[in-house]
Amino acid sequence: MRLKQKTINNNDVREGVTVLGGIDTLYYYINTSMGELYPTLWDSVKDGEWLQENFTFQGHSGKLKGFIGAWYRRWDTLSRGLPLYRVGFKDWQKQKLIHNVQIQLEASGIYRYGLIELLKIVNQDLSPLLGFEISSSDCQVSRADLNAFVGGFDFGGISPECFRTRAQKTNEVYGDGDYIIDDNEYVYKNARKLETLYIGSKSSPVSFKIYDKRRELDKLTPNMPKVIKMAYFASRGLHHDDLWNVEFTLKRQVLKEYGVYTIADLLLHAKAIFKDMMKRYAFLGFDI
């Protein structure tokens, strides 16, 4: 899903800035309502025996707080080496209070197919296994990252003081700086530049980060996910040297405050929620 794409041209931001919004990460549970049938399903998947085409067994998670169960990863049928999503099956003997199946959409899968089409792939894959046709109203959202890619504007000089927020915890990550060689072969090293700014704890119900997406892409090892991501930005006119991601991570507690319980709710309200979060974390500008 894309919230909106536009080019900004006003007195506040320099001409030629492109903004592309959407949902960058999505975790959700499927309400299977399988009752006494689920233990049979669990026995068939718990140790990696569920060897479906394009799926690989990833092992188990057993956090004291979090999902306890067996995980599989779904790979793209056409693009080898491209992960689309992860599916976890709950260990029903160790966990009672959550739904049986969790889905974690991979960013590369969202870039490859778009959110809506990727959700359709999940439903097509798992509906026969679960015995019913999955719909967006059956899916309980546990985490959503709402974001906007900003091309053509450099946020490398920002600091926490540039934002109006009630969050107490912040963190700044800097790169090592760039080397520039001039015509006389003198080497100049730029001052360290901000790569990522975190506002709010990662463990809190809501957190905010802004980071240099172009630099992140440059650091990636050449592989299929990188190719897909580069193609995604190129096809949407984000060719800028400066490309940043402005992102809010919202967990279930905050989503419920906005009336978001299911994927259907999220798709309906995502744009309004992002706008409201931008007001909460207002960018005051570089000149404090």
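This is a predicted model: local features need pLDDT of at least 70, side-chain atom pairs count only at pLDDT 80 or more; totals for chains, interfaces and linings use all residues.
The secondary structure of the protein chain comprises seven helices and 15 strands. When contacts between residues at least 6 apart in sequence are considered, 65% of them join residues at least 24 apart.

Aromatic side chains were examined next. For ring centres lying within 6.5 Å of each other, the count comes to 22 aromatic pairs. One of these is formed by Tyr-72 and Phe-89, whose ring centres are 6.0 Å apart and whose planes stand at 80°; because planes over 60 degrees apart count as edge-to-face, the pair is assigned to that class. The two residues of this pair are 17 residues apart and link distant parts of the chain, with Tyr-72 placed in strand β4 (residues 68–75) and Phe-89 in strand β5 (residues 83–90). Tyr-72 has a relative accessibility of 0% and therefore counts as buried, and Phe-89 is likewise buried, with a relative accessible area of 0%. Elsewhere, one aromatic cluster is formed by Phe-153, Phe-155, Phe-163, Phe-208, Trp-244, Phe-248, Phe-274, Tyr-281 and Phe-283.

Arginine side chains are also found over aromatic rings. Arg-86 lies over the face of Trp-71, at 4.3 Å from the ring centre, while Arg-143 lies over the face of Tyr-27, at 5.0 Å from the ring centre.

Helix α5, which spans residues 224–235 and has 12 residues, reaches 16 Å from its first C-alpha to its last, close to the 16 Å expected at 1.5 Å a residue. Within α5, the buried residues are Pro-225, Lys-226, Ile-228, Lys-229, Tyr-232 and Phe-233. Seen down the axis of α5, these buried residues fall within an arc of 165°, so they line one face of the helix. The elements that cover the buried residues of α5 include the strands β2 (17–30), β5, β7 (139–151) and β14 (243–251), together with the helices α2 (107–113) and α4 (213–219).

Conventions. Residues are numbered from 1 along each chain as its sequence is written. Side-chain values use heavy atoms; hydrogens and water are left out. Rings of Phe, Tyr and Trp (its six-membered ring) pair if their centres lie within 6.5 Å; planes under 30 degrees apart count as stacked, over 60 as edge-to-face and the rest as tilted. Helices (H or I, at least four residues) and strands (E, at least two) are DSSP runs, numbered from the N terminus. Buried means under 20% relative accessible area, exposed over 50%, partly exposed in between (1.4 Å probe, protein chains only). A charge sits over a ring if NZ of Lys or CZ of Arg is within 6 Å of the ring centre and within 35 degrees of the ring normal. Contact means heavy atoms within 4.5 Å. The expected span of a helix is 1.5 Å times one less than its number of residues. The arc is that of the directions from the helix axis to the C-beta atoms.
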